[in-house]
Amino acid sequence: MQQMAFFHARSPTMGNSYTAPNLDELGYHFNGELKLVKNVTGEHFKFTNQRDYEVLGEAVTEDIYNRLEEIGLRKMKITESKPSFFFANPEVIQKDANKILVLIHGNGAVRAGQWS
């Protein structure tokens, strides 16, 4: 079994000089069924160690956030309390929405837009 080697990436828990690589740099992409697979073999992700899992998780989060913005949702900052954010459609921002969808994530590893 080949281990993933994220030699140029650091887990967010490993220090302040962290820059998350993107999925392609890590050798992954979402296929047509939106399943995370390896670029070369099409294999699904297999857990090897916590560090690689966290690094890949950061890349997945960024990819999903980009996808949410590509479909028209906007990342809105919340500044009144602990700094955070939510995604909203433009009508919510303009206060002209008949319906809204709210994506709220907890404080764990899974973020808005992620489901397993």
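**Exercise 1. Are Tyr 65 and Phe 87 buried or exposed, and how are their rings arranged?**

Start with burial: Tyr 65 and Phe 87 are both buried (under 20% relative accessible area, with exposed meaning over 50% and partly exposed in between, using a 1.4 Å probe and protein chains only). Keep in mind that this is a predicted model, where local features need pLDDT of at least 70, side-chain atom pairs count only at pLDDT 80 or more, and totals for chains, interfaces and linings use all residues. Residues are numbered from 1 along each chain as its sequence is written, and side-chain values use heavy atoms, leaving out hydrogens and water.

Next, the rings. The structure has four aromatic pairs (Phe, Tyr or Trp rings, the six-membered one for Trp, with centres within 6.5 Å; planes under 30 degrees apart are stacked, over 60 edge-to-face, the rest tilted). For Tyr 65 and Phe 87 the centres are 5.2 Å apart and the planes sit at 50 degrees, so call this pair tilted.

Elsewhere, ring pairs join Tyr 28, Phe 45, Phe 47 and Tyr 53 into a cluster.

**Exercise 2. In what order do the elements of the chain run, and what span should α1 have?**

Going from the N terminus, you read β-β-α-β-β-α. That's two helices and four strands (DSSP runs numbered from the N terminus: H or I of at least four residues for helices, E of at least two for strands).

Now α1. With 21 residues at 1.5 Å a residue, the helix should span 30 Å, and its end C-alpha atoms are 30 Å apart, which agrees (the expected span is 1.5 Å times one less than the number of residues).

Then check the ends. Asn 49 caps the N-terminal end, with a side-chain oxygen 3.2 Å from the backbone nitrogen of Arg 51. Just past α1, Gly 72 has a positive phi of about 105 degrees.

**Exercise 3. Which element gives the most to the largest nonpolar core?**

Begin with the core itself: it has 14 residues, and among those touching the most other members are Leu 23, Tyr 28, Leu 56 and Leu 68 (a core is a set of buried Ala, Val, Leu, Ile, Met, Phe, Trp, Tyr and Cys residues joined through side-chain atoms within 4.5 Å).

Then the suppliers: β1 and α1 each bring at least two residues, and α1 gives the most, with seven.

How values were computed. Polar contact = N/O pair within 3.5 Å; in protein donor to acceptor, adjacent residues only side chain to side chain.
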